[in-house]
Amino acid sequence: MILVISRKEDLAVNLVLPELTERGIETLWWDPGDYPTESRITSRLTGGRWRHTLVTNGTEYDFSLFSAVWNRRPSLPRAADVVTDETHRDYVRKIARFHLNGWEDTLDTRWFPARTADVLRTQNKLLNLAAAAELGFTVPETTVTNSPEGLIEVWEETEGRMIAKEVEFVEFGIDGMGHNFYTTPVSRRHLTGRHRLAHAPVILQPYVDKAVELRITVVGDQVFTAEIHSQGSKATRHDYRHYEGHFSKYAVHDLPKDMERRCVELVRSLDLAFGCIDVILTPEGEYVYLELNPNGQWGWIEEFTDLPVSRAIADWLAAGEPAVGTDGPTRQGVPA
């Protein structure tokens, strides 16, 4: 049986569940956002080992039944509405998360891509940039700073050909509207507001010219590479996330075997079973590493290129399951 932990609106889960159903594999889809309000978890130490049970939607599950956990995009624990004081709600969230952390660390099963603590650790760009450089990827000289003087220093080193991007892609609110900070070339005009940098660090790198951008999705030892033709639009030239989908052209890319091997090694070196790697292919044919997302989106790549990422994920999850007939029913616990 496979445990899928993710928010109920996660479309990626719905791409993989039919693949598991086709294999006759039972699944439970549970969102930690239902805990502790609507779900119950009990952990008992007996005989020197923890036994964890989950009650959700009126059914009890022994976690030892799960041969793998797909740790996809879970919500954070949520306090019940009857807990109205914000300090009490914060207490509930923290205690619940603390219990979930212990549950993850003591649940001995296969995790895809990894436990939450490892996902958070490896998506830190300082860590995965260094790991990529160590494995021989071409990685831009990178500065992470909140120093206005440091900004000027990198600007001069790059002779004004520099980009800035977030340390982590986080949405923030302005006048009630959600905004994101996309990769941005730094102009001389930007330097006049450099004092604002003191309030939050940014990543600074030399500008790298692009022929195409590559989204490389690694599932276990399988590699799926898609070209994103971002240079055909002014909107996507510096960051293809401005207009994903039908606004860009996509194609399957034949990645050199040594690059494929290096991508698998990078994901494995970070103790992950999955990773989405962003790479620039320069006009001169050089592959330049940008970053790795240990739980990145891939459904849109599958949609536009037919690369079978869903099938590969299902294969990985199913690998630890006992052999069963394909005619058996599949039970899917769907959060209320």
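The side chains of D10 and R72 form a salt bridge, with N and O 2.8 Å apart. A salt bridge here is a side-chain nitrogen of Lys or Arg within 4 Å of a carboxyl oxygen of Asp or Glu. The pair links distant parts of the chain, 62 residues apart. D10 sits in the loop between β1 (2-5) and α1 (11-22), and R72 in the loop between β6 (68-71) and α2 (86-106). Helices (H or I, at least four residues) and strands (E, at least two) are DSSP runs, numbered from the N terminus. Both D10 and R72 are buried; buried means under 20% relative accessible area, exposed over 50%, partly exposed in between (1.4 Å probe, protein chains only).

The model is predicted: local features need pLDDT of at least 70, side-chain atom pairs count only at pLDDT 80 or more, and totals for chains, interfaces and linings use all residues. Residues are numbered from 1 along each chain as its sequence is written, and side-chain values use heavy atoms, with hydrogens and water left out.

The whole structure holds 17 salt bridges. In one of them, D315 pairs with R23, the closest N and O atoms being 2.5 Å apart. D315 lies in helix α9 (residues 309-318) and R23 in the loop between α1 and β2 (27-30), so this contact ties together parts 292 residues apart in sequence. D315 is partly exposed, at 35% relative accessibility.

R161 and D209 also meet through their side chains in a salt bridge (2.9 Å, N to O). These residues are 48 apart. R161 is partly exposed at 40%, and D209 is partly exposed at 39%.
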